[in-house]
Amino acid sequence: MDYRIPRGTYDILPENSGKWQYVKDVFRRVAESFGYFEITTPVFEMAELFERSSGENSDVVQKEMYRFMDQKGRSFALRPEGTAPVVRAYVENHMDKSGSRNKLYYMGPMFRYDRPQAGRYRQFYQYGIEFIGSNHPYYDAEVIAIEMAYLKALGLQNVRLEINSVGCASCAKEYDLALQDYYRQFLPELCPDCQKRYETKPRRLLDCKVKTCQVFRTDAPSQLDYLDEDCREHFTQVRAYLDASGIKYLVNPAIVRGLDYYTNTAFELIVDALGAQKSIAGGGRYNALISQIGGKDTPAIGFAGGFERLLLALEKESIPLPGITLPKVYCIAIGDEAQMSMLPILSKLRQSGIYADYNPDKTSFKAQMKAADSSRAEFAIILGEDELKQGDFILKNLMTSEQERLSAEDLLQRLTQ
Ligand code: HAM
């Protein structure tokens with residue numbers, strides 16, 4: 001074959017669609033139980049939206065963004081993440097004026113050009129939450145509680161919540177200086193990326209995956225020692241709300257997050273069994289983002305998770321997930337006249353929402369019975385010459401092989417009750 005799927009992408013084939021639908025449905029149900037409304041934004045936006053929000057020097061913008069020019073030479077990007085688009089929609093649609101529409105959830109594909117590996121794709125699907133409009137620490141705990149409730153509803157056990165506070169812009173500035181002070185002595189030993197990070201974003205030094213850089217992390221100064229009074233108090237309150245909600249967590253001062261817009265609370269959900277790509281969800285506050293992209297100064301917090309990593313984590317724990325939907329009924333008609341007489345039954349069953357299968361290419365009784373068995377339907381409806389004459393049908397339970405003769409009316413009643 002001449003055509004292949006692009007590297008880092010995958011097809012969701014019918015046998016896998018059931019589990020995808022299921023994890024999406026459960027997320028929707030959980031988010032709505034917390035009073036969140038769905039928002040859907042385009043898969044591409046002005047490239048500048050992400051450059052400004054994620055940060056010019058972030059990996060996402062520097063290395064991973066799928067940029068393209070349209071016919072008029074305007075620069076767009078496939079969205080690498082969902083927060084900036086949601087904030088753009090919030091500001092553009094004056095959603096601050098529409099009452100409670102500031103609790104938002106979304107699901108959809110995101111695009112990042114990165115080296116593909118297990119749990120890391122170039123097109124991946126996120127689910128996310130954004131709460132816009134309050135700095136109250138209750139909401140930090142609320143968005144975390146949504147993710148925890150979601151994972152609980154799915155039955156995932158081995159997952160750890162790690163939290164940190166990255167402070168406000170002025171705390172971050174002081175902390176960056178402290179990190180530069182500390183790392184200066186190791187500069188020649190750092191990897192080329194970290195040498196750049198030292199200048200542009202010292203906090204990302206803590207996040208480097210290169211082993212020889214990681215050794216310096218142990219004695220590096222902690223962000224938590226560089227929080228001002230307000231930021232420290234906010235973090236204390238967030239922890240108090242998490243404690244009161246019965247949510248267990250680990251404080252990890254090394255959580256820095258890859259996108260530039262974070263302030264104060266930052267968190268990640270870790271599933272160790274996933275290896276290198278073990279963060280199944282992450283998020284935090286972004287109190288400066290809305291004003292940065294042209295809205296009013298408005299605090300906000302949110303998170304996003306990756307469905308692929310979530311499904312891998314569920315599979316690692318052998319949690320059963322829905323497979324392909326099986327037909328309830330398989331219709332067998334023998335002869336041309338029976339075929340035509342079967343159609344009204346077939347259509348009435350389908351109108352009642354029953355998955356009823358039928359294959360006109362198979363004509364002999366034997367072939368149709370074999371097809372019914374391999375379809376794994378619960379029942380077969382059989383219409384042969386004899387039944388046609390009598391004006392009734394045979395309903396066969398394919399699990400027990402019991403069968404009975406019924407009128408069309410009784411048959412429909414039996415199957416739809
Ligand atoms: P993020 O940490 O970049 O945050 O991504 C969130 C989640 O998306 C990750 O924890 C991971 O599960 C999944 N993910 C990211 N990249 C990939 C990839 N290449 N392949 C598969 N899965 C991936 C954000 O995107 C923020 N917008 C989250 C947020 C919302 N912060 C505040 N509100």
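I began with helix α15 and looked up its neighbours: the buried residues of α15 pack against β12 (329-333), α12 (336-351), β14 (379-383), β15 (393-397) and β16 (403-406). I keep in mind that this is a predicted model.

Next I asked myself which residues of α15 are buried. In this helix, which spans residues 408-416, they are Leu 411, Leu 412 and Leu 415. Looking down the axis of α15, I found its buried residues within an arc of 95°, so they line one face of the helix. I then turned to the other side of α15, where Glu 409 and Gln 413 are exposed.

On to the cores. A reminder to myself: in soluble globular proteins, nonpolar side chains tend to be buried together. Here the largest nonpolar core has 41 residues. Phe 27, Tyr 127, Ile 129, Tyr 150, Phe 303 and Leu 310 have the most contacts inside this core. Which helix gives the most to it? I noted α5 (residues 137-154), with eight residues. I also found a second, separate core of 23 residues, with Val 87, Ala 89, Val 166 and Ala 304 among them.

Last, the sheet. I traced an open sheet of eight strands with mixed pairing, in the order β1-β5-β6-β11-β10-β9-β7-β8. At its edges I found β1 (37-38) and β8 (250-251), each pairing on one side only.

Methods:
Residues are numbered from 1 along each chain as its sequence is written. This is a predicted model: local features need pLDDT of at least 70, side-chain atom pairs count only at pLDDT 80 or more; totals for chains, interfaces and linings use all residues. Side-chain values use heavy atoms; hydrogens and water are left out. Buried means under 20% relative accessible area, exposed over 50%, partly exposed in between (1.4 Å probe, protein chains only). Helices (H or I, at least four residues) and strands (E, at least two) are DSSP runs, numbered from the N terminus. The arc is that of the directions from the helix axis to the C-beta atoms. Contact means heavy atoms within 4.5 Å. A nonpolar core is a set of buried Ala, Val, Leu, Ile, Met, Phe, Trp, Tyr and Cys residues joined through side-chain atoms within 4.5 Å. Two strands pair if DSSP finds at least two bridges between them.
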